[in-house]
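Please read the following account alongside the sequence and the three-dimensional view.

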Amino acid sequence: MKYLSHIFLVLYITLCIYVYLPIIVTSTSLTTETVSQGEVEYLELFPWYWSMYSSIHNIVIVAPAKVMHTTIRNVLNHKECSKNNPHCTEIKNKKNNFKFNNQYKRYILNTAIRVLIIRDPYDRSYSAYMNSNHNTKQCTFEEWVYAISQQGTGCNEHFYSITNISNIKNIKYHYIIIMNYKTDRQKLWYLLNETHIHEHQYNTSPNSNLDITTKLKYFTPNVIKMLQELYTDDIELYKYYQTQLQLQLQTNGIGIDIDNIIDTREKSILDYIDT
């Protein structure tokens, strides 16, 4: 009887090794896998830190700071995440490191719709300034812009150039969406099957409803000049896709009257500045 129990023990151990070892090896390979140098470089070109991924719709959205990032994040997380991981769509979140490994990132790059959100650089700069009560109490907008011009846009993630973040010269995006245009934003919500969304429900910024005339008072000739130098590439990027959108709307018979395609409450600073 003693020997029989030993035989059963050996059989049990053998069975466990046979069943579970392949699972352990496979799981480990997902986190320690090696890829060729070329693949690693390609993976590193994509701005994962600023990206959110909808697994339901297989869409990866690049939204830098002050470019609808919070709104999109809140919409996706509310729809797709559980209480155990309420930030499941945010690739930069440390809890998602295992999920968004190189293998999964390659899958996303090869199969997902890639969307980039851009914003008028002047409007974005003003939003970044108003984002902190410390800024508005300690210095004027012009003083703030001057400080950024001395330090460079790399001093804070809210000031990074969208052109540099998106790596648009090397990454092909299926959609470039202009945040300032309500008509264009609707493309994003359509892709996410959120056609009846109330954006301000997910926008936590207290300055999102400021009238355009209030914003324009801050843009002195000196401020405009400094921002032009700081965001030359971003201004060119914005103006190019603004023109493309207007041509698209004209082709579709909607017309190119700027007042008809921009939400007047969120009208762009750039529309009033001669650059």
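Cys88 is buried in this predicted model, because its relative accessible area is 12%, and buried means under 20%. Cys81 has a relative accessible area of 18% and therefore counts as buried as well. The two residues, Cys81 and Cys88, are joined in a disulfide, with 2.1 Å between their sulfur atoms. The pair meets the criterion for a disulfide because sulfur atoms within 2.5 Å are required. About the S-S bond the angle is -95°, which gives the link of Cys81 and Cys88 a left-handed sense. The count of disulfides comes to one.

The protein contains 13 helices and four strands. The four strands make up an open sheet, arranged in the order β1-β2-β3-β4, with mixed pairing. Strands β1 (51–54) and β4 (175–178) stand at the edges, and each has a single partner strand, so one side of each lacks a neighbour in the sheet. From one strand to the next, the twist averages 20°.

Within the sheet, β2 (residues 59–62) and β3 (residues 113–118) are paired in the parallel sense, and four bridges connect them. Val60 has Arg114 of β3 as its bridge partner. Helix α9, which spans residues 182–191, packs on the sheet and touches β2, β3 and β4. The direction of α9 makes about 130° with that of β4. Helix α3, formed by residues 69–80, lies across β1, β2 and β3 and runs at about 30° to β1.

Of the 275 residues in the protein, 43% are buried. The accessible surface amounts to about 15,800 Å², and carbon and sulfur atoms account for 53% of this area.

The confidence of the prediction remains to be considered. The average pLDDT of the protein is 77, and 70% of the residues score at least 70. Across residues 9–38 the pLDDT is below 50, and this stretch has 13 contacts in the model beyond near neighbours in sequence. For residues 254–265 the pLDDT is also below 50, and 27 contacts beyond near neighbours in sequence are present in the model for that stretch.

How values were computed
Residues are numbered from 1 along each chain as its sequence is written. This is a predicted model: local features need pLDDT of at least 70, side-chain atom pairs count only at pLDDT 80 or more; totals for chains, interfaces and linings use all residues. Side-chain values use heavy atoms; hydrogens and water are left out. Two strands pair if DSSP finds at least two bridges between them. Helices (H or I, at least four residues) and strands (E, at least two) are DSSP runs, numbered from the N terminus. Axes are lines fitted to C-alpha atoms, for helices over the stretch in contact, and angles run from 0 to 180 degrees between N-to-C directions. Contact means heavy atoms within 4.5 Å. Buried means under 20% relative accessible area, exposed over 50%, partly exposed in between (1.4 Å probe, protein chains only). Accessible areas come from the Shrake-Rupley method with a 1.4 Å probe; for residues, only the protein chains shown count as cover. pLDDT is the predictor's confidence in each residue, from 0 to 100.
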